[in-house]
Amino acid sequence: MSDAEHTFTGRCHCGAVTAELKFTRPAEEMQVRSCQCEFCIRHGSLTASDPAGHAIFQIEAGALQPYRFGTNTAMAIICRHCGAYAGIAYTDGGRTWSAANMRGLGVEEFKERVGVQMFYEDETPTERVERRKQKWTPTEVRFKL
């Protein structure tokens, strides 16, 4: 388990996708990122993660619209009902890591934050996977019936 002391919650616009984010630092101390790939720019992405924290995404049955793009090394968590981009997840060996889209989840504590522009296009797929394992949040994805 983690040493997380700060819990943040969010949901997509319709509420079919929810997230509980347990981070080790308060919102104002968390790095927030604004990936500059075409997908993230179009979705207004503002992501945060904590490798020492823990995240739980709960998704209503039938509400997940998974999307893989670019290097096909991660899956965007998109609500099939309202279209909100809630986050991105990577799974390997039965473990999952994620970066939550604070804007897509409407996480109040991050509402006024501005993301650091990030450029990942020069990473190889292997480098991308290793960065995600090191920097993203250990995650559970649960489906509500």
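Reader: Why are Glu38 and Arg42 said to be separated by about one helical turn?

Author: In this predicted model, Glu38 and Arg42 are four residues apart in helix H1, and therefore about one helical turn lies between them.

Reader: What makes the contact of Glu38 with Arg42 a salt bridge?

Author: A salt bridge requires a side-chain nitrogen of Lys or Arg within 4 Å of a carboxyl oxygen of Asp or Glu. The closest N and O atoms of Glu38 and Arg42 are 2.8 Å apart, so the pair meets that rule. By this rule the count comes to five salt bridges.

Reader: Are Glu38 and Arg42 buried or exposed, and how do you know?

Author: A residue is called exposed when its relative accessible area is over 50%. Glu38 has 53% and Arg42 has 67%, so both are called exposed.

Reader: What makes the salt bridge between Asp92 and Lys133 a link between distant parts of the chain?

Author: The side chains of Asp92 and Lys133 meet with 2.6 Å from N to O. Asp92 belongs to strand S7 and Lys133 to helix H3, which spans residues 125-135, and the two are 41 residues apart. Asp92, at 34% relative accessibility, counts as partly exposed, and Lys133, with 27%, is partly exposed as well, because values between 20% and 50% receive that name.

Reader: What is Arg131 joined to, and why is Arg131 called buried?

Author: The side chain of Arg131 meets that of Glu123 in a salt bridge of 2.7 Å, N to O, and a network of salt bridges links Glu123, Arg128 and Arg131. The charged end of Arg131 also sits over the ring of Tyr120, 3.8 Å from the ring centre, where the cut-off for the distance is 6 Å. Arg131 has a relative accessibility of 15%, and because buried means under 20%, that name applies.

Reader: How do you know that the buried residues of H3 line one face of the helix?

Author: The buried residues in H3 are Arg128, Val129, Arg131 and Arg132. Seen down the axis of H3, they fall within an arc of 160°, and therefore they line one face. The face turned away from this buried side carries Thr126 and Gln134, which are exposed, while S7 and strand S8 (95-101) are included in what covers the buried residues of H3.

Reader: Why is the pair of Phe39 and Phe69 called stacked, while the pair of Phe39 and Tyr85 is called edge-to-face?

Author: Rings pair when their centres lie within 6.5 Å, and then planes under 30 degrees apart count as stacked and those over 60 as edge-to-face; by this rule the count comes to seven aromatic pairs. For Phe39 and Phe69 the centres are 4.6 Å apart with 15° between the planes, and the pair is stacked. Phe39 lies in helix H1 and Phe69 in the loop between strand S5 and strand S6, so this pair ties together parts that are 30 residues apart in sequence. For Phe39 and Tyr85 the centres are 5.0 Å apart with 80° between the planes, and the pair is edge-to-face. Since Tyr85 lies in strand S7, this second pair ties together parts that are 46 residues apart in sequence. Ring pairs link Phe39, Tyr67, Phe69 and Tyr85 into a cluster.

Reader: How do the accessibilities of Phe39, Phe69 and Tyr85 decide what each is called?

Author: The limit for buried is under 20%, and Phe39 at 12% counts as buried, as does Tyr85 with 3%. Phe69, at 24%, counts as partly exposed.

Terms used
Residues are numbered from 1 along each chain as its sequence is written. This is a predicted model: local features need pLDDT of at least 70, side-chain atom pairs count only at pLDDT 80 or more; totals for chains, interfaces and linings use all residues. Side-chain values use heavy atoms; hydrogens and water are left out. Rings of Phe, Tyr and Trp (its six-membered ring) pair if their centres lie within 6.5 Å; planes under 30 degrees apart count as stacked, over 60 as edge-to-face and the rest as tilted. Buried means under 20% relative accessible area, exposed over 50%, partly exposed in between (1.4 Å probe, protein chains only). A charge sits over a ring if NZ of Lys or CZ of Arg is within 6 Å of the ring centre and within 35 degrees of the ring normal. The arc is that of the directions from the helix axis to the C-beta atoms. Contact means heavy atoms within 4.5 Å.
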